[in-house]
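Colleague: I have a model open and would like to go through it with you. Can we start with the sheet?

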Amino acid sequence: MKLKIAMIGVGLIGGSLALCFKGKPGVTVMGYAHLPELKDKYIASGVVDDATLSLEEAVQDADFIFLCVPVGLLESYFGQLAKLPLKKGCIITDVGSTKASIAACAEHVRMSDAYFIGGHPMAGSERAGVDAASSVLFENAYYVLTPSEQVPEEAYDRLSDLLAYTRAQIVRVEPLLHDDIVGAISHLPHVIAVALVNQVREYNESNPLYKMLAAGGFRDITRIASSDAIVWRDILLSNREVLLGLLKDWNGQMTAFTEMLEQQNGEGIEEAFRQAREFRSVLPERRKGMISSLFDLYTDVQDAPGMIGKIATELGANDINLSNMEIIENRVDVPGIMRLSFRQEEEMERAKTLLDSLGYQVWV
Ligand SMILES: NC(=O)c1ccc[n+]([C@@H]2O[C@H](COP(=O)([O-])OP(=O)(O)OC[C@H]3O[C@@H](n4cnc5c(N)ncnc54)[C@H](O)[C@@H]3O)[C@@H](O)[C@H]2O)c1
Ligand SMILES: O=C(O)C(=O)C[C@]1(C(=O)O)C=C[C@@H](O)C=C1
């Protein structure tokens with residue numbers, strides 16, 4: 001059986017989905033690019049089988065159309081698709097990080113012969129663009145689908161079957177509930193991370209020691225502050241009402257901390273940390289396939305330039321794939337610390353054993 005899949009927007013998410021589908025039996029993945037340079041890039045990157053600058057050509061005879069553009073562009077694409085001839089039974093889906101406004105928008109546009117099923121893979125990264133795409137991004141992640149009651153089970157099953165190639169776990173959720181929950185666990189954290197980085201950025205203007213001393217804690221809580229500005233502008237504006245409520249509650253949390261500090265309430269602070277640790281300890285494990293799930297090792301480095309090459313060579317010679325390496329502290333008078341990141345836990349363990357045996361002081 002032949003299947004044509006049209007990817008509208010081939011960035012981090014569209015590109016990662018394309019990589020999951022490309023090369024599967026009978027599947028052809030066609031990318032739509034809105035700029036000539038992107039069309040060439042999509043083809044050269046090998047993420048799609050072909051790419052076109054014509055939306056009509058991209059969706060012609062497509063069995064599935066994936067809208068993988070920033071949320072703010074979806075309304076315009078629904079409008080354009082409604083005017084194009086689509087294959088009977090074609091499934092249109094999106095990957096937007098909000099669902100209620102998108103579902104409402106899709107309902108207003110009559111797309112003859114096609115079904116719309118909202119979607120949202122709960123996996124991603126702070127990176128953007130096709131260069132960041134990965135075939136394992138969705139492995140073990142949840143993939144939310146939000147079909148309306150008008151969508152026949154047969155269409156829902158066809159999309160779920162196709163998404164099996166992502167190795168994500170499909171979960172069906174109501175759009176409004178999705179936005180409440182994802183607002184709290186994804187959108188609010190992005191706002192907090194950005195606000196925190198900007199607060200410290202302002203302090204740093206008067207004293208660069210802020211940046212120099214920023215260590216693990218600051219990095220851990222602020223990785224997502226590097227996320228794409230346009231993608232996140234659209235997400236936050238689309239889930240505005242939910243976020244306004246969440247920010248009110250967040251201000252309440254901050255007020256509680258302010259009061260505990262004013263009253264020197266040590267017990268209250270201890271209790272807040274205990275409750276948070278308990279809840280966090282029952283969150284799902286770091287999911288292996290996700291781009292953001294790197295396994296880190298740390299080691300002391302005396303002479304950084306020489307050491308980087310030496311350690312990379314040792315790991316390479318032992319077939320250990322290093323995903324990233326970075327000196328996170330490097331002052332003339334103090335030994336630096338090097339962070340080595342691996343995609344797989346097993347590779348990190350092998351690197352640890354190897355570096356231990358070579359006399360490096362290594363810790364996880
Ligand atoms: N980044 C994440 O972690 C994440 C996770 C899940 C879902 N999402 C959702 O996925 C969608 C895409 O986000 P992303 O992270 O892949 O962003 P991205 O910037 O990596 O990809 C967006 C793609 O859309 C293309 N594009 C921009 N304007 C376009 C236009 N007018 N017409 C056609 N293509 C256009 C860009 O060139 C790019 O290829 C968003 O709706 C976002 O909410 C993001
Ligand atoms: O890991 C990250 O960098 C992400 O931001 C991924 C993340 C999230 O907040 O968990 C971001 C947006 C999504 O829509 C889904 C997942």
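Modeller: One term before that: two strands count as paired if DSSP finds at least two bridges between them. Keep in mind that this is a predicted model.

Colleague: Fine. What order do the strands of the eight-stranded open sheet have?

Modeller: The order is S3-S2-S1-S4-S5-S6-S7-S8, and the pairing is mixed.

Colleague: Which strands stand at the edges?

Modeller: Strand S3 (50-52) and strand S8 (169-172). Each has a single partner strand, so one side of each is left without a neighbour in the sheet.

Colleague: And by how many degrees are neighbouring strands turned against each other?

Modeller: On average by 25 degrees, with direction ignored.

Colleague: Back to S3. How many bridges join it to S2?

Modeller: Three, and S2 (residues 27-32) and S3 run parallel. Within that pairing, Met-30 has Asp-50 in S3 as its bridge partner.

Colleague: Which strands does helix H1 lie across?

Modeller: H1 (residues 12-21) lies across strand S1 (3-8), S2, strand S4 (64-67), S6 and S7. Relative to S1, H1 runs at about 165 degrees.

Colleague: How does the lining divide into nonpolar, polar and charged?

Modeller: Ten residues are nonpolar, four are polar and five are charged.

Colleague: Which residues make the contact?

Modeller: Phe-257, Met-260 and Leu-261 from H11, and Gly-268, Ile-269 and Ala-272 from H12. By class, five of the contact residues are nonpolar, one is polar and none is charged.

Colleague: Last, the whole protein. How many helices and strands does it have?

Modeller: It has 14 helices and twelve strands. The C-alpha atoms fill a box of roughly 70 × 55 × 40 Å along the principal axes.

Colleague: What share of the residues is buried?

Modeller: Of the 364 residues, 41% are buried. As for contacts with a separation of 6 or more, 72% are between residues 24 or more positions apart.

Methods
Residues numbered from 1 in each chain as written. Chains lettered and ligands numbered in written order. Predicted model: local features only at pLDDT ≥ 70, side-chain atom pairs only at ≥ 80, totals over all residues. Heavy atoms only, no water. Nonpolar A, V, L, I, M, F, W, Y, C, P; charged D, E, K, R; others polar. Helix = DSSP H or I, 4+ residues; strand = E, 2+ residues; numbered from the N terminus. Axes fitted to C-alpha atoms, helices over the stretch in contact; angles between N-to-C directions. Contact = heavy atoms within 4.5 Å. Buried < 20%, exposed > 50% of the residue type's maximum accessible area, 1.4 Å probe, protein only.
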